[in-house]
Amino acid sequence: MSEFQVKQQQLTQERVVTTPVIDSIDEGQILLKVERFSFTANNITYGMMGDKLGYWQFFPPADNQDKQWGIIPVWGFAQVTQSKSTGIEVGERLFGYFPPAEQLVMTPKNVSPQRLVDGSAHRAILPPGYNSYSRLSGEEGYNPEYDKERMLLFPLHITSFCLWDRLQDNNWFDAKQVVVISASSKTSLGLGYALHADDSAPQSIGLTSSSNKPFVQKVGVYDQVVTYNQMSDIDASKPTVIVDMSGSADILTKLASHLGDNLTYCINVGLTHWDEFSADNATESDKSEFFFAPGHIQKRMKDWGPQGFEQRTTGFMAETAMKCRSWLKVKELNGLEALAQVYGQVCAGQIPPEQGLIIKL
């Protein structure tokens, strides 16, 4: 089998490693063949925050004696090829968090008709949302026609939903406008759709590059679209909350300086400009926070119950994903070597915002 690895401290370096095929498992385990997965700028965020938030721990890499390499997790589908776990049949398909690799061994626990959790020991201390997998055989209304959108958009739009909920729950941090930095990212657009449909939301402003401005304007979810070199067009007299998907200290500093005392709060989320970011700078203050979606998810699952949370989020993500069909262009690649060939473009931000990459194994 093979797996895709990157250097933990130098993310632009990648390799595809060949390892022995797994042909036997222990009692209580299942063996999965990864079918296909998405790869977006969000995955680079996992790599950048690998040490700070534990992303490197999910899938230990092979052939890593020097401890320099890591596996960036991805969202996708896999099929059970062997099962020694009661109630899980060979041929069943799962959706969830996987390595960009051909095979994976899991130890299911908390198994229900709809879900299971990977109870592997090394994942026990990691965020539980990432250890939960959907069993498609038990999913009401499952339609494989939407698998591509599910891989590409659901992992991003769950963050969009949580951001929208965080803003709502805090009365928009007393702001009259929301500025979304890196407005062309798929997570930003998911938030844009939420704000656009919410009559109680303040005015939304999408901040983006000159090259991406026509695309963002075409999508049409923000009340105003401004480029990075036109920040002065943003009305600095209005109380403003920032949602920063870029991680660029330069952009954020310039915008904060422009807004002055009317900057009410800043939520730092993504790292689309990951090469301008330092994990050491991801600190919080009384007017800012580093937003960790799994933490917000756990809070709302306690508030609303797992079923209540799922009802709210599933409807939102399905509706928003369907809206994205008008512009989303899916590009399918075959195999991990093909991922390696485009990986540098993902790191460099050279993938068009309307394009979504799916890797088939």
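**Figure 1. The largest nonpolar core of the predicted model.** This core comprises 93 residues, among which F39, Y97, L167 and Y343 touch the most other members. Helix α3, spanning residues 147–169, gives the most to this core, contributing 10 residues. A second, separate core of 13 residues includes I181, L207, V226 and L259. In soluble globular proteins, nonpolar side chains tend to be buried together.

**Figure 2. Surroundings of L167.** Apart from neighbours within four places in sequence, L167 is in contact with W172, F173, V178, L191, V241, V243 and I267. L167 is also one of the residues that touch the most other members of the 93-residue core.

Figure 3. Leaving aside neighbours within four places in sequence, the residues in contact with S134 are R93, L94, F95, Q114, R115, E139 and R150.

**Figure 4. The protein chain as context for the close-up views.** The chain has eight helices and 18 strands, and buried residues make up 55% of its 361 residues. Along the principal axes, the C-alpha atoms fill a box of roughly 65 × 40 × 40 Å. Of the contacts between residues at least 6 apart in sequence, 71% join residues at least 24 apart. The chain exposes about 15,700 Å², of which carbon and sulfur atoms supply 47%.

Technical notes: Residues numbered from 1 in each chain as written. Predicted model: local features only at pLDDT ≥ 70, side-chain atom pairs only at ≥ 80, totals over all residues. Heavy atoms only, no water. Contact = heavy atoms within 4.5 Å. Core = buried A, V, L, I, M, F, W, Y, C linked by side-chain atoms within 4.5 Å. Buried < 20%, exposed > 50% of the residue type's maximum accessible area, 1.4 Å probe, protein only. Helix = DSSP H or I, 4+ residues; strand = E, 2+ residues; numbered from the N terminus. Areas by Shrake-Rupley, 256 points an atom, 1.4 Å probe, with all protein chains shown as cover.
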